[in-house]
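Student: I would like to learn how to read the features of a model such as this one, going slowly from strands to helices and then to whole chains. Could we look at it together?

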Amino acid sequence: MADEQKPGGSDAPSPEGGEGVKPPEKPAAAAPKPAPPKPPAAAGHAAPKPPATMAATPWDSDLARDLKQRFGDRVAETSTYVGQNFVVVKPDSAVAVLEYLKLEGDFDYLVDITAVDWPKRPERFDLVYIVYSFSRNERLRIKTYIADGYRPETAVGVHLTANWLEREVYDMFGIEFAGHPDMRRILLPDEWQGYPLRKDYHIIQQDQRWVQENLGIESGQ
Amino acid sequence: MPDTTFLDSTELVLNMGPQHPSTHGVLRVILKLDGEKVLGTDCVIGYLHRGVEKIAENRTYAQFNPYVDRMDYVAAVSNGLGYCLAVEKLLNVEAPPRAQAVRVILTELNRIASHLLWLGTHALDIGAITPVFYCFREREEALKIFEQYCGARLTTHAFRIGGLQYETYEGFEKEVKAFCDMFLPKVDEYEELLTNNRIWVGRLKGVGILSAEECKEYGVTGPVLRAAGVKWDLRKAQPYSGYEKYEFDIPTCENGDTYDRYIVRMQEMRQAVRIIRQAVANIPEGPIMGKVGKVIKPAVGEAYVSIEAPKGELGYYVVSDGATQPYRVRVRPPSFVNLQALDRMVRGGLVADVVAIIGTLDIVLGEVDR
């Protein structure tokens with residue numbers, strides 16, 4: 001995740017360059033104390049503080065090796081952080097990996113699907129699948145980085161529970177799943193405009209038109 | 001609908017909810033019926049959506065803590081525990097043993113309170129009016145302990161990231177023990193009313209069957225999964241907060257019907273008492289707060305931590321970008337995921353059973369919609 005941030009960080013000054021000195025990216029904004037302007041080398045700040053990347057360590061196990069052997073470079077990374085293992089895969093292979101894990105690795109329970117928005121990154125979203133295996137008592141996260149507008153394949157064919165989980169991801173992030181049997185919003189009204197969990201959706205933002213038309217009030221705030 | 005219908009019958013679409021006493025909140029179910037038979041359903045949810053996950057990104061880690069109580073508001077203590085554990089995981093701290101023991105006691109008391117609310121309302125839905133009064137009577141005793149401890153009965157905000165804010169009050173152990181002694185015979189009392197009651201058995205047996213395979217397919221957890229015969233409980237499988245120190249059983253059944261889920265939950269209340277008794281008998285001395293700074297600022301990273309909430313696996317996926325506010329908090333709500341199986345459970349059954357099945361899923365709409 002955070003590895004991808006650096007390119008985004010060094011990228012950003014060019015569009016904003018005309019604007020003047022506003023180097024702090026989202027990760028740099030994390031450290032509000034150093035007010036003096038920083039050079040755009042976003043990673044170089046604050047030596048005593050932890051680095052701006054996730055300090056994940058490589059994860060090596062039979063399963064990780066198996067996945068790498070089976071999927072080759074479509075498995076980009078096998079890592080572990082705070083004792084939790086995760087695999088980063090190419091967007092087009094997420095469902096294949098899920099299926100393989102279910103059939104061969106006994107990861108028969110899809111716990112959750114969710115996304116994280118990193119607007120500054122070229123592949124804007126983390127799409128995260130969490131699976132669990134009852135027989136191994138083991139949890140695994142499968143992550144993939146996708147661009148805005150990319151339509152990942154649905155996982156409903158592998159795990160039925162993906163149906164509502166993907167609908168929620170669509171509802172909140174606007175990630176449309178290809179081949180999903182029922183790609184509608186789930187928590188928000190069908191006609192609602194905007195995707196609330198995107199970072200550019202402000203906390204008090206709402207679909208004014210929908211609120212006025214359907215609730216008959218000026219604002220829900 | 002591919003299911004068989006009589007040649008000249010038309011499909012009737014019936015709207016149930018969102019204002020309906022048996023939907024336990026604002027759940028709307030669109031039923032497609034052929035006479036009394038349910039051909040399919042469509043759940044409309046989101047009426048209680050408050051954007052909890054969005055709020056999280058705009059609050060500090062500590063500020064967000066009280067918000068989680070508003071999801072599953074009948075088991076607020078469990079919600080708080082899950083969130084605190086997730087942030088503690090990111091911070092790499094652990095609550096001290098004393099805090100862990102108190103957490104277990106309160107969480108199990110909350111499991112009892114949650115199950116009691118379920119039992120009372122479920123029985124009410126089926127037509128047994130008496131149990132709800134009994135259940136609320138005992139639930140009140142558990143809530144009184146919460147109130148004494150932290151000032152609130154429902155949205156407790158009982159735990160803090162790193163441990164507890166409040167020491168236990170004078171006489172806490174005594175009151176908890178008294179509750180346990182009082183409560184166990186009451187469970188027998190409920191069972192006397194229901195377990196062999198012919199109407200109760202008739203309405204629940206064989207209704208809304210969800211097999212173990214289907215549970216796994218739908219990601220259904222908690223008592224529903226255990227009633228289908230899967231002996232799986234996160235407190236045993238991946239213990240947290242010191243659950244490995246306590247002796248208790250995981251009640252299971254075989255048929256996965258509504259009756260079995262009733263039996264499992266009744267047993268779970270007894271097991272909860274067993275855990276509370278062990279925990280309260282020796283609460284370790286010592287600090288109640290771990291080493292957590294005034295400003296909570298986890299290193300860049302992410303963690304998924306889940307607990308066995310009364311309704312199933314409640315998980316928090318927290319992403320930190322190194323700031324004082326979480327970059328992303330995802331709640332994996334058991335009610336939301338379990339509710340998805342409703343369609344499978346009611347399909348082919350009778351319309352009267354829909355009410356029983358919504359009740360047996362034990363959903364809380366605050367958690368479904370967040």
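Tutor: Let us begin with a pair of strands, β2(A) and β3(A), which run antiparallel and are joined by six bridges. Please keep in mind throughout that this is a predicted model.

Student: Which residue in β3(A) is the bridge partner of T80(A)?

Tutor: T80(A) has N85(A) as its bridge partner in β3(A). The hairpin of β2(A) and β3(A) has two residues between the strands, and V82(A) there takes a positive phi near 40°.

Student: How should I think about the pairing of strands in general, and in what sense do β3(A) and β6(A) pair, parallel or antiparallel?

Tutor: Strands of a sheet pair through backbone hydrogen bonds, either parallel or antiparallel. In this case β3(A) and β6(A) pair in the parallel sense, over three bridges, and the bridge partner of V88(A) in β6(A) is K143(A). By contrast, β4(A) and β5(A), the latter formed by residues 125–133, pair in the antiparallel sense over eight bridges, with A115(A) standing opposite L127(A) in β5(A).

Student: In what order do the six strands of the open sheet in chain A come?

Tutor: The order is β1-β2-β3-β6-β5-β4, and the pairing is mixed. At the edges stand β1 (57–58) and β4 (109–117) of chain A, each with a single partner strand, so one side of each is left without a neighbour in the sheet.

Student: Which strands does helix α4 of chain A lie across?

Tutor: Helix α4 of chain A, residues 62–71, lies across β2 (75–81) and β3 (84–89) of chain A, and runs at about 170° to β2(A). Helix α5 of chain A, residues 94–104, also packs on the sheet, where it touches β3, β5 and β6 of chain A, and its direction makes about 5° with that of β5(A).

Student: Turning to chain B, how do I read the angle at which the axes of α4(B) and α14(B) cross?

Tutor: The axes of α4(B), residues 97–126, and α14(B), residues 351–361, come within 9 Å and cross at roughly 175°. Angles over 145 degrees count as roughly antiparallel, and the two helices α4(B) and α14(B) are therefore roughly antiparallel to each other. T121(B), H122(B), D125(B) and I126(B) in α4(B) meet V355(B), A356(B), G359(B) and T360(B) in α14(B), and by class this contact has three nonpolar, four polar and one charged residues.

Student: How many of the eleven residues of α14(B) are buried?

Tutor: Nine of the eleven are buried, so that α14(B) is mostly covered; among the buried residues are D353(B), I357(B) and L361(B). The helix α14(B) is followed by D362(B), whose phi is positive, near 55°.

Student: What can be said about chain B as a whole, and how many helices and strands has it?

Tutor: Chain B has 15 helices and eight strands. Its radius of gyration is 21 Å, close to the 21 Å that the globule rule gives for 370 residues, so chain B is as compact as a globular protein of that length. Buried residues make up 54% of the 370 residues in chain B.

Terms used. Residues numbered from 1 in each chain as written. Chains lettered and ligands numbered in written order. Predicted model: local features only at pLDDT ≥ 70, side-chain atom pairs only at ≥ 80, totals over all residues. Axes fitted to C-alpha atoms, helices over the stretch in contact; angles between N-to-C directions. Helix = DSSP H or I, 4+ residues; strand = E, 2+ residues; numbered from the N terminus. Parallel < 35°, antiparallel > 145°, perpendicular 65-115°, else oblique. Contact = placed C-beta atoms within 7 Å. Nonpolar A, V, L, I, M, F, W, Y, C, P; charged D, E, K, R; others polar. Rg over C-alpha atoms; globule rule 2.2 N^0.38 Å. Buried ≥ 20, exposed ≤ 12 C-beta atoms within 10 Å, placed from the backbone. Pairing = 2+ DSSP bridges.
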